[in-house]
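Subject: Structure handover

Hello,

Here is the structure I promised to pass on. Please open it and keep it beside this email. My notes follow below.

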Amino acid sequence: MSLDKRDFVNLASKVLSFAVNVLISFFLTSYIVSTVGAEAYGFVGLANEFISYVTVFTIAINSMAARFVTIELEKHNTENADEYMSSLLLADIAASLIVSLLGTMFILSFHYLININEALLPDVRLLWFFLLASFLIDLVGVVFSIAPFAKNRLDLEALRSTEAIVLKAAVLLVAYWLFPSAVWYIGVGALVQSIYTFLFNLRYTKKLLPNVKIKASSFSLNKLKTLFKAGLWNSITRLGTIMRSGLDLLLTNLFIGAGPMGILAIAKMIPQQLYSLFATMASAFMPKLVISFAHENTDEMKAQLRSAMRLLGLLSSVPVIIIICFGADFYSLWVPNQNASLLELLTVVICVPYIILLPLEPLWNVFTAMNKLRVTSIYLVIEAAVSLALTLLALQFVDGIEGKLLVIVGISSLMELIRSLLFLPIYSGYCLGGQYSFIYRLILMNVGVCVFGCAVVFMIKHWFIFASWMSLIFGVVLTAAGIIFLEYWIVLSRGERAFLVDRIKGMFKRS
């Protein structure tokens, strides 16, 4: 059994942080959509998409920093760690100045480029200004987020993240309670969240890395070049991700309209939260994987990946089955003034590849830990180019809002399915010495559980109607318990079952 107590704590804390975020988003999104409208809410998602476009450039120097610093600290090369972190901070400060100037110019003129109701323009412009400020603080603060990673204390990071999310929610509740409804309050909440996270990351850097000194005199152009060369492929990967699915709201705005963009933004919220959760959980295993690679222990890396994927496989089927089976019931209760059937259809199309993709998320750590990003980046860009070309072509031949929306999300999902079945298992297996048969066994088990689970739930739904929150919650809890029980015995090994039972017993004893 390769998972230990630290892995469990890191994972549990990240799940807790996610759960709090989802719970808060659940109530706030419904309220915001009902007060400011789906069209205005769509510009929140569009703003986040535009920010993701900027990260194509900034990720080149930031994405691999934690890896290099961790390896240097494991080898007791503190001076090199100083140089990496000092160089990163100065580079991010310079990048933030450039982004702030270009971002301000764009926000002042974006109404010439996208479809937006004139009445919404001042509100949306303020929203984008605050979100830009939040992004700039996050950018400068990247270097201070390395400490929890390097010391494998991601639980601290997740705990502070949870507190920051609660603080953001409090700001939004006060704003919507005391003042007339506006969408720009979301930007203020995000800014407060970023400031809080920045301050605590600064504190953890001093506490966890007391021997690391960040100062201008430690700037090293060679170290910055090393970070850039390694991270350049992550920038290309991010570009591919944006071309494949990060343009959804922009394409909807330009080819269909601002109203349908709001519908798609609502439909994407739950899938994005779900994917973010599993990407975050997979990242909880990254520090240990990097440490094993630093000690050239490939066998331990393989064991860690097997356990991580089986554990994520245990968890992934539950939300996917619930989304597929209860989508329409949920949307009719959550946003009753919207088209629940269309929202369910869009969400299901987005989530179908997750049956295979989510348990495989830890495999992306292999490429970062081993610094083998080139092939992955090239593949993702080619895939994204094909996806974008097919989407633009199909939009010319499909009529109606629903059909165009399905084209936009459907082609992205198809490409994700192909990647999950072919590229990710085969290339990650090649990097690990040609061992990928266990990956396909896991895929088959997950698909089987999801098909069986959906079949059973749909049969039950013929006899029961979930027309209230109480009945829906009862159905969801019962479904989750059944699927977890099934996967507990099918997916996990005997050692992993014993490990989970032991950890759960330990939690109750401490309480």
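How many salt bridges does the count come to? The count comes to four. Bear in mind that this is a predicted model.

Start with lysine 268. Its side chain forms a salt bridge with glutamate 49, with the closest N and O atoms 3.5 Å apart. Glutamate 49 sits in helix α2 (residues 38-62), and lysine 268 sits in helix α11 (residues 258-283). They are 219 residues apart, so this pair links distant parts of the chain. Both residues are buried.

Lysine 268 also meets aspartate 248 in a salt bridge, at 3.4 Å from N to O. Aspartate 248 is in helix α10 (residues 248-255), so the pair ties together parts that are 20 residues apart in sequence. Aspartate 248 and lysine 268 are both buried. Through shared partners, salt bridges join Glu49, Asp248 and Lys268 into one network.

Now look at lysine 223 and glutamate 83. Their side chains meet in a salt bridge of 3.0 Å, N to O. Lysine 223 belongs to helix α9 (residues 221-246) and glutamate 83 to helix α4 (residues 78-109). This pair, too, links distant parts of the chain, 140 residues apart. Lysine 223 has 15% relative accessibility, so it counts as buried. Glutamate 83 is buried as well, at 18%.

Last, the cysteines. A search of the whole structure finds zero disulfides. For cysteine 351, the nearest cysteine sulfur is that of cysteine 450, 11 Å away. Cysteine 351 is buried, with a relative accessible area of 0%. Cysteine 431 counts as buried too, at 7%.

Best wishes

Methods. Residues numbered from 1 in each chain as written. Predicted model: local features only at pLDDT ≥ 70, side-chain atom pairs only at ≥ 80, totals over all residues. Heavy atoms only, no water. Disulfide = S-S within 2.5 Å. Buried < 20%, exposed > 50% of the residue type's maximum accessible area, 1.4 Å probe, protein only. Helix = DSSP H or I, 4+ residues; strand = E, 2+ residues; numbered from the N terminus.
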